[in-house]
Structure formats: C-alpha cells, structure tokens
Amino acid sequence: MDELVQKHFSAVDYVIFAVLLVASAGIGLYYAFSGGRQRTTQEFLLADRSMSCLPVSLSLLATFQSAVAILGAPSEIYANGTQYWFLGCSYFLGLLIPAHIFIPVFYRLRLTSAYQYLELRFNKTVRICGTVTFIFQMVVYMGVVLYAPALALNAVTGFDLWGAVLAMGLVCTLYTTLGGLKAVIWTDVFQTVVMFAGQLAVIVVGAHQAGGISEVWRRAQNGSRIAGLDLNPDPLERHTFWTLGVGGIFLMLALYGVNQAQVQRYLSSRTEKEAIMSCYVVFPCQQIVLTLGCLMGLVMFARYGEDIQPARTMVLYFVMDVLQDLPGLPGLFVACLFSGALSTISSAFNSLATVTMEDLIKPHFPAMTETRATLLSKGLALAYGLVCLAMAYIASLMGSVLQAALSIFGMVGGPLLGLFCLGMFFPWANSVGAVSGLLAGLVMAFWVGIGSFVSRFPTVAINTVPDCVCKRCLLRTRPTGLNALYSLSYMWYSAHNSTTVVVVGLIVSLLTGPMKEKDVTPGTVYPILGNLLFFLPERYKEKLCCPRAIDAQHYRMAQKESNGVLCLAEDNEGEDGEQKETKGETQAVQETTL
C-alpha cells in the first residue's frame with residue numbers, strides 16, 4: 001500500500017470539529033466577562049493565584065501533549081517498536097525534582113516570570129538573556145505546532161489547509177487574549193478530555209477490527225515491534241533504556257522545571273502544596289497518554305503490517321480508514337488532534353506575553369498603572385497570536401526543514417535548564433559565568449543539532465561501494481570524531497547542553513572571582529551542595545559557599561530593588577505552613593497568626 005488514498009469528512013465530523021472551537025472560545029469569553037474580568041495583571045497572567053490542583057495538573061499535561069506528539073508517537077511505535085515506551089521511566093524523577101526543588105524556590109519568591117529569578121540570583125543582563133532565548137524558542141515552535149496538524153489534515157482529508165490554520169490561530173488568540181491564564185487552564189482541561197476520548201475511540205475500534213487486543217499483540221510480536229529492555233549504554237544509539245530513561249529526565253526537567261509555560265501554572269496555584277501536588281497528579285496521566293500512543297501504534301501495525309511508509313500523515317490516514325463507517329468519530333479524533341495544538345499554542349501565547357511584560361517592558365516603565373499594564377498584556381497576547389500565524393506561513397515554506405525547526409525547541413531548552421541549575425545549585429557561580437555558560441550551551445546546541453541534520457546527507461553514494469563490501473555493515477559502522485558528536489541521540493541533547501552551561505559557567509566564575517555567600521540573594525540557592533558535603537568543616541564550606549538549609553527567613557524579603565521595579569512580596573506563613581498573600585503584586589505581606 002504505497003499510496004494513501006484521500007478520505008473525506010462527513011457533515012457530523014465538521015460539526016464536532018466546530019463544536020471544539022466554539023467551546024474553547026466560549027470558555028475564554030466566560031472568563032473575560034466574569035469574576036475580576038481580567039482587570040489586573042495578577043488575574044490575567046497568573047489567574048489571581050487561585051487555581052486548584054486538578055485543573056493545573058491537566059493543564060500541565062495538555063501543554064506537554066502537543067499535536068506533534070499525538071501524530072508522532074504512534075508513527076514512532078509503528079516504525080521502530082515499543083522501545084519508545086521506556087521514556088515513561090524518566091517521568092518519575094522528571095517530575096519529582098521540579099516538585100521538591102524548583103517549585104518551592106519559585107513559589108516562595110513570589111515570581112511572575114521564571115526569569116525574574118535570574119535577576120535575583122545574578123543580574124539584569126542574565127535575566128534578559130534568558131528571556132530572549134525563551135522567546136526565540138517558543139516563537140519558532142508555535143508556528144510548527146500550528147501548521148503541522150493542519151498540513152496532515154489537508155493531506156489526508158482535503159480539509160482546507162489555511163482554513164484550519166486560521167481557525168485554530170484566531171480562536172486560540174481570542175480566548176487567550178480575553179480570558180487570560182484562567183481561560184487557558186480551563187480550556188486545557190476541556191481539551192485534555194477531548195484528547196483522551198479521541199485516542200480511546202480509535203484504539204477500541206481499531207483493535208476490534210483487528211480481532212481484539214490479543215491479536216494486535218500477536219501481530220506486533222511477529223513483526224518484531226515488541227521491544228525488550230535495551231541496556232546498551234552507547235549514547236549514539238537513538239533509543240535505549242539509558243537514552244530514554246536517563247536522557248529523558250533532563251528533557252523533562254527542561255520542560256517541567258524551568259519552562260515559563262509550566263512555571264506559570266505552578267505560580268497560579270493557591271498554595272505551594274497544591275503546586276507540588278499538581279506534579280504528582282500529572283505523573284499517572286502522562287503514563288496513560290504515553291501508553292495510549294503506544295497502543296495506537298501497535299493497532300496501526302496490526303492493521304497494515306509494513307505496507308505503509310511511516311509519515312506524519314499516517315496516523316490521520318489510519319484514523320480516517322478505521323472510523324470511516326462511524327460518522328462523528330473521525331471528527332472526534334481531529335478535535336483531539338487540534339486540542340493538542342490549541343493547548344500548546346495558548347500556553348505559548350500567555351507565557352510569551354508574561355515574560356515580555358515582566359522582563360522587557362515593566363523594568364523600563366516602573367510608573368505604569370495596573371490598568372494600562374493589563375491592557376498591554378492583552379495586546380501582547382494578541383500580537384503573539386498574529387506572530388504565530390506568520391510563523392505557520394514560514395513553516396509552510398520550510399518543507400523538509402520542519403524537523404529542524406522542531407529540534408530547535410529541544411536544543412534551546414537544555415541551555416536554559418543549565419542556566420537555572422547553575423544559579424540554583426552552585427552558590428559561587430557569578431553573572432559573567434552565567435552569561436558565558438548560556439552562550440557556550442547555545443553554541444554547542446546549534447553546532448550539534450545543525451551538524452546532525454547536515455550529516456544525514458551522505459557525501460558518497462552507497463551505490464559506489466564495491467560489491468565485496470557489506471553495505472549494511474558500512475551503514476552501521478560506529479562514527480568517530482565529529483561524526484560521533486553529530487550522531488548523539490537526540491534524547492541526550494538536553495543533558496549534553498545543560499551540562500555544557502554548568503561546566504563553562506563554573507570555570508568562568510572561578511576565573512573571574514566566585515560570588516561570596518553574603519552577596520547571594522537569600523532564597524535563590526537550593527542547598528544541595530551543603531547537604532551533600534555535610535562532612536566538611538565549616539571553614540571549607542564557607543569557602544565553597546555551601547548553604548546547608550533553607551529556612552523561612554530566606555524567603556521573608558521585604559523588597560529587592562532592581563532598576564527600581566523588581567519587588568518581592570514577603571511571604572506570610574501561618575501555623576498551617578501555607579503561603580498567604582495580600583492583593584497587589586508588589587505589596588509586602590505582613591506576617592500574621594491564624
């Protein structure tokens with residue numbers, strides 16, 4: 001089966017797809033005209049710090065589960081087997097570390113933007129560098145996330161390509177601009193339910209048509225698609241337990257630990273405890289999502305064997321093929337697919353508006369009124385929505401370079417993770433080291449990423465190899481030198497790049513004069529070194545600048561002025577240990593007793 005025959009939507013499918021868009025827009029309109037009506041930046045950007053654990057958890061999940069993942073995971077399983085499932089092993093530490101290290105630090109500092117932390121820990125230059133890097137990362141990724149599912153839908157069903165792009169982009173821009181973070185989180189909840197329903201419908205119907213789940217499993221085993229535990233430590237192997245289970249931890253930390261889109265959700269929680277619980281709740285949900293993607297890939301293999309060349313459009317073709325006699329279900333899966341895109345894009349809009357407002361605009365306009373700041377934040381969300389549509393058009397011109405654009409998201413996340421780890425775990429790291437480390441990490445990331453992409457095009461045609469040489473063995477020869485670096489598994493990119501930032505940052509800091517403990521802003525360093533080096537005498541620990549514990553006074557900072565605008569609210573900790581805050585973003589909180 002070399003050709004994928006084009007399928008068509010029924011009227012019911014169009015209706016279900018339209019209902020998704022209308023419902024998403026309706027949630028945004030509801031929060032635009034209810035409650036505080038998004039009149040303050042606290043409400044618009046942080047949902048007034050009033051969200052409970054469950055919606056925050058589902059929103060965290062939806063942001064991670066983009067349309068690219070919904071299309072990509074089943075295709076990966078179909079082509080290469082279930083080894084990819086071991087990525088789930090990385091979820092545990094990938095969420096446990098953010099829950100107990102990153103969230104307490106960010107939440108207690110009462111931040112709005114994650115990059116405010118970089119100014120508190122280092123200086124304004126480091127904060128701007130981190131913000132600009134994040135904006136570049138998200139702007140490039142937004143267009144691809146919007147365009148890729150529309151392209152797949154157009155290829156399989158003939159659905160108007162730019163009609164789908166505009167519908168998604170405009171609806172997403174509407175509810176994000178009007179409803180703020182609260183609308184984004186609640187639409188994520190709705191879209192997560194749709195995603196689960198769409199995937200389950202396809203798996204149940206597909207498995208039934210294949211003769212049951214046991215038959216699906218038997219065919220997958222016969223086709224060598226059920227993978228065992230591969231403990232090969234070679235970092236050049238694309239997928240092994242170590243690349244997925246260990247390299248994946250760093251990928252998860254870059255996403256759930258320091259990415260503004262996720263940090264903003266933690267900060268919107270009512271209490272620190274609920275923010276931490278959201279990480280625990282999202283863990284089983286992620287396992288379910290990963291399992292659904294794997295099952296769909298196995299059902300696809302049971303149906304087609306090896307007759308179809310894997311492609312991004314393959315999943316949609318399979319869905320249309322399996323569900324063609326069940327009007328409405330193809331529309332449900334397409335709604336599931338576009339829900340993944342909407343949740344990711346809306347998170348990007350909101351987080352981009354936040355960092356632009358808090359990191360690039362407010363420092364230069366300290367006297368800006370709350371009303372004007374809120375209006376400008378909405379304008380920024382709208383502007384990024386239009387930028388997203390422009391990036392989708394650019395993505396359409398890239399052709400085969402789409403994969404390179406997707407890789408940029410992973411390549412930039414690693415250096416940002418390294419920058420935060422440098423500040424949070426190494427008290428002697430200074431601002432010069434931080435900037436040097438970030439630049440070194442970005443150079444390394446793009447060097448390896450672009451080199452990997454270019455090296456896929458062989459300079460010598462295989463057909464020129466003499467017949468006496470086994471061409472298969474030639475292709476499997478272990479690369480050496482720079483080719484080995486370019487052949488590094490993409491799952492190690494985040495670990496490799498973040499490590500580069502930390503190593504270079506520490507070396508430069510030591511050469512330029514390490515930061516003294518008295519100069520470090522209280523509450524910005526997690527005392528991991530102090531705990532690990534407990535056996536050293538105090539005088540050596542002082543030289544290494546290793547604080548051993550974080551106590552409440554570290555976070556009771558009345559105010560830290562930076563260019564006259566960055567103010568930290570003092571935490572109010574009652575007898576129940578929960579954090580309390582007064583209204584107003586920069587108002588100091590007075591300690592009271594419950």
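Me: Is Thr82 buried or exposed?
Reply: This is a predicted model, in which local features need pLDDT of at least 70 and side-chain atom pairs count only at pLDDT 80 or more, while totals for chains, interfaces and linings use all residues. Residues are numbered from 1 along each chain as its sequence is written, and side-chain values use heavy atoms, with hydrogens and water left out. With a 1.4 Å probe and protein chains only, a residue is called buried under 20% relative accessible area, exposed over 50%, and partly exposed in between. The relative accessible area of Thr82 is 11%, so Thr82 is buried.

Me: Where does Thr82 lie, and which residues is Thr82 in contact with, leaving aside its neighbours within four places in sequence?
Reply: Helices here are DSSP runs (H or I, at least four residues; strands are E, at least two), numbered from the N terminus, and Thr82 lies in the loop between helix 4 (67–80) and helix 5 (90–108). Contact means heavy atoms within 4.5 Å. Once neighbours within four places in sequence are left aside, the residues in contact with Thr82 are Ile77, Arg225, Ile226, Ala227 and Leu298.

Me: Arg49 and Ser224 both have a positive phi; which of them is buried and which is exposed?
Reply: Arg49, with phi near 50°, is a residue other than glycine, and it is found in the loop between helix 2 (41–46) and helix 3 (53–64). Ser224, with phi near 60°, is also a residue other than glycine, and its place is in the loop between helix 9 (213–222) and helix 10 (241–245). Since the relative accessible area of Arg49 is 7%, Arg49 is buried, whereas Ser224, at 60%, is exposed.

Me: How do helix 7 and helix 8 pack, and what is the angle?
Reply: Axes are lines fitted to C-alpha atoms, for helices over the stretch in contact, and angles run from 0 to 180 degrees between N-to-C directions. Among the residues that meet are Pro149 and Ala150 in helix 7 and Ala164 and Met168 in helix 8. The residues of this contact divide into ten nonpolar, two polar and no charged, where Ala, Val, Leu, Ile, Met, Phe, Trp, Tyr, Cys and Pro count as nonpolar, Asp, Glu, Lys and Arg as charged, and the others, Gly among them, as polar. The axes of helix 7 (residues 124–157) and helix 8 are 9 Å apart, and the angle is about 145°.

Me: Which residues does Phe338 contact, leaving aside its neighbours within four places in sequence?
Reply: With the neighbours within four places in sequence left aside, the residues in contact with Phe338 are Phe17, Leu20, Pro149, Ala150, Leu153, Ala164 and Met168.

Me: How many aromatic pairs does the structure hold, and is the pair of Phe106 and Tyr117 stacked or edge-to-face?
Reply: Rings of Phe, Tyr and Trp (its six-membered ring) pair if their centres lie within 6.5 Å, and planes under 30 degrees apart count as stacked, over 60 as edge-to-face and the rest as tilted. The structure holds 20 aromatic pairs. The ring centres of Phe106 and Tyr117 are 5.8 Å apart and their planes stand at 80°, so this pair is edge-to-face.
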